[in-house]
Amino acid sequence: MLFVEQKELVLPGTLLTDNDYKLGRNTFKQKDKIYSDITGLAYFNSDNVTVIPLNYKYEPQYGDLIIGKVLSSSYSSWSIDLNSTYNGFLPTTELYDKNEQNLSSIINVNDKLLLRVAHVDEIKRVKLTIRSQGLGKFNQGVIIRVKQPTIHFLSEENAFLASMIRECTGSDIIIGKNGLIWINGRSEEIEKIIKIIEYIDERPFQHNLIKSVQNIIATKLII
Amino acid sequence: MTTEYVREDGRLFNTLRNMKLEVGVLNNADGSAYIECGNNKIIVGVYGPKELYSKKHAKVDGAVLRCKYNMAPFAVNERKRPGPDRRSVEISKLISEAITPCIFLEKYPRTSIDLSIEVLEAEGGTRCLGIVGASLALADAEIPMKDLISACAVGKVDDRIVLDLSEKEDKEGQADMPIAILPRTNEITFIQMDGHLSGEEFDEALKLAFEGCKFIYELQKQALIKKHEEM
């Protein structure tokens, strides 16, 4: 039996179901009953139940494309701000040029980097990598910060929206999984794109959001 | 018809003081709550989970809950010396121990969750309201929890068991017993008593406290739902 409806707001400790569902994100089991452990929206899938938080921080996972800022450097690694609970580290062995002695000539504090998560261990130490196609330092463009649901909306099944914006404006967009979006192009195009992303950011859970976003792209960008 | 016992401030034995709960009042905190109950005014903020810089204090198997209870110098009738004192250190420890059993601390290794409870105006029962506010603020910060915690005090005044003591009743009464529970499973996470109660009186007081806590639990849920409906 389900005790809450699909997409209903639940609170910590709300009884979700006593059916034999699998445990999804942000749920826990007590005496064969499944409860929510967070404030969010309950989703019942075919065999599991999850609670989607309304406003959450990024959790690093293997293989994610992220945008980070260099916080500090030590003799063997750089510490990177990931816009998350945990900071990541980028070992100096990741550099292409092993002979370069002056490390600060390559990566400096406050540089913005495009990186990939190489490994996350049990105690959430995040190892990053820069050795892959297209990764590296940003030299131009604008980085904006959005909420995590917006990233989810733009990167999963609706990834075509990002490519649509790319094609319509001729500008570049990179969506970092950690809640940062990098945009590069002509300044008036950037302003338009920021407005669209802010529109999504205000209402990431709205019904039929894809259609309204498509309409806005069609009216604002093409004309 | 028997006349019911009316307390000094006009309440019956099982009435709480007027209570107002608000969620999300601080912009820079991850989660926050504001409570007014009678003449009590308390503001609670949650910061974190964030990585703990002092590796000495960090735990590899879970987050560290750090709680700070502070009373403003103007909170009581006679000016209180600012800064931490014996009482506030004790209450900080009590509150963090009352909250610990309901948070999934193991989900955030090497981090700290900082809780700061600021009492702007005090009139009896601030430690209970601190716990109520702390659980609201933690829920607002979207930190995984087993349940919301609610707390209230019961006591004995003029040989009667009463709920939610005010400052005067606390000083003049015969007993005072603050309790915090997890309302879903009826687990007690925190209980204290000073004064004297007989066995039957204790049972009666405990029952009354559970009723009061369950009522506060409903108010907490309403406050959280109200915040998200506005959004």
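Q: Which residues of α1(B) are called buried, and what makes them so?
A: In this predicted model, the buried residues of α1(B) are I91(B), S92(B), I95(B), A98(B) and I99(B). A residue is termed buried if 20 or more other C-beta atoms, placed from the backbone, lie within 10 Å of its own, exposed if 12 or fewer do, and partly exposed in between. Local features need pLDDT of at least 70, side-chain atom pairs count only at pLDDT 80 or more, and totals for chains, interfaces and linings use all residues. Residues are numbered from 1 along each chain as its sequence is written, and chains are lettered from A in the order in which they are written.

Q: What covers the buried residues of α1(B)?
A: The cover includes β4 (64–71), β5 (111–121), α2 (126–140), β8 (175–182) and β9 (187–191) of chain B. Helices (H or I, at least four residues) and strands (E, at least two) are DSSP runs, numbered from the N terminus.

Q: What span is expected of α1(B), and what does the helix reach?
A: The expected span is 1.5 Å times one less than the number of residues. Helix α1 (residues 86–99) of chain B has 14 residues and reaches 20 Å from its first C-alpha to its last, close to the 20 Å expected.

Q: Why is strand β6 of chain B called largely enclosed?
A: Eight of the eight residues of β6 (residues 150–157) are buried, so the strand is largely enclosed by the rest of the structure. S150(B), C152(B), V154(B) and K156(B) point one way, and A151(B), A153(B), G155(B) and V157(B) the other way.

Q: What makes β6(B) and β8(B) a pair?
A: Two strands pair if DSSP finds at least two bridges between them. β6(B) and β8(B) have seven bridges, in the antiparallel sense, and S150(B) stands opposite I181(B) in β8(B).

Q: How many bridges join β6(B) to β7 of chain B?
A: Four bridges join β6(B) to β7 (residues 160–163), and the two strands run antiparallel. V157(B) stands opposite R160(B) in β7(B). Their hairpin has two residues between the strands, and D158(B) takes a positive phi near 50°.

Technical notes: Two residues are in contact if their C-beta atoms, placed from the backbone, lie within 7 Å.
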